Amino acid sequence: MQRVAYVLIGAGVLALVGWSVKGFFLASEIPVVVRAAVGAIGLGVIILIGIVLNDRLSTAQKGDFKEVQR
């Protein structure tokens, strides 16, 4: 039941963020250069988060337990 709550919260947050991002990028008052810069920063942050998650997951799957005695 806890996972369902996390999924619902995540979906709600993603919907609000998506709506805000859409409004930001479609606003004609904001210069194109600023919108492009914010988009580049956002894409860079998303790429870095993906790299970190990939590294964490690959490290967790290796399971180096050389010093553990059986």
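**Exercise 1.** In which helix is valine 34 found? State also whether valine 34 is buried, partly exposed or exposed.

*Solution.* The model is a predicted one. Step 1: valine 34 belongs to helix H2. Step 2: the relative accessible area of valine 34 is 39%. Step 3: buried means under 20% and exposed means over 50%, so valine 34 is partly exposed.

**Exercise 2.** Describe how helices H1 and H2 pack, and classify the residues of their contact.

*Solution.* Step 1: two packed helices are described by the angle between their axes and the distance between the axes. Step 2: H1 spans residues 2–26 and H2 spans residues 32–62; the angle is about 145°, and the axes lie 9 Å apart. Step 3: on the H1 side the contact involves Phe24, Phe25 and Leu26, which meet Val34, Arg35, Val38 and Gly39 of H2. Step 4: by class, these contact residues comprise 5 nonpolar, 1 polar and 1 charged.

**Exercise 3.** Identify the residues of the nonpolar surface patch, and determine which helix gives the most to the patch.

*Solution.* Step 1: the patch is formed by Tyr6, Ile9, Val13, Val17, Val21, Phe25, Val34 and Val38, and their accessible area together is about 690 Å². Step 2: H1 and H2 each supply at least two of the residues. Step 3: H1 gives the most, with 6 residues.

**Exercise 4.** Is tyrosine 6 buried or exposed, and how far is its C-alpha atom from that of valine 21?

*Solution.* Step 1: tyrosine 6 lies in helix H1. Step 2: its relative accessible area is 55%; because exposed means over 50%, tyrosine 6 is exposed. Step 3: tyrosine 6 and valine 21 are 15 residues apart along the chain, and their C-alpha atoms are separated by 22 Å.

Methods:
Residues are numbered from 1 along each chain as its sequence is written. This is a predicted model: local features need pLDDT of at least 70, side-chain atom pairs count only at pLDDT 80 or more; totals for chains, interfaces and linings use all residues. Side-chain values use heavy atoms; hydrogens and water are left out. Axes are lines fitted to C-alpha atoms, for helices over the stretch in contact, and angles run from 0 to 180 degrees between N-to-C directions. Helices (H or I, at least four residues) and strands (E, at least two) are DSSP runs, numbered from the N terminus. Contact means heavy atoms within 4.5 Å. Ala, Val, Leu, Ile, Met, Phe, Trp, Tyr, Cys and Pro count as nonpolar, Asp, Glu, Lys and Arg as charged, and the others, Gly among them, as polar. Patches are made of residues with over 30% relative accessible area and no salt bridge: like charges are joined within 9 Å, nonpolar side chains (Val, Leu, Ile, Met, Phe, Trp, Tyr) within 5 Å. Accessible areas come from the Shrake-Rupley method with a 1.4 Å probe; for residues, only the protein chains shown count as cover. A salt bridge is a side-chain nitrogen of Lys or Arg within 4 Å of a carboxyl oxygen of Asp or Glu. Buried means under 20% relative accessible area, exposed over 50%, partly exposed in between (1.4 Å probe, protein chains only).
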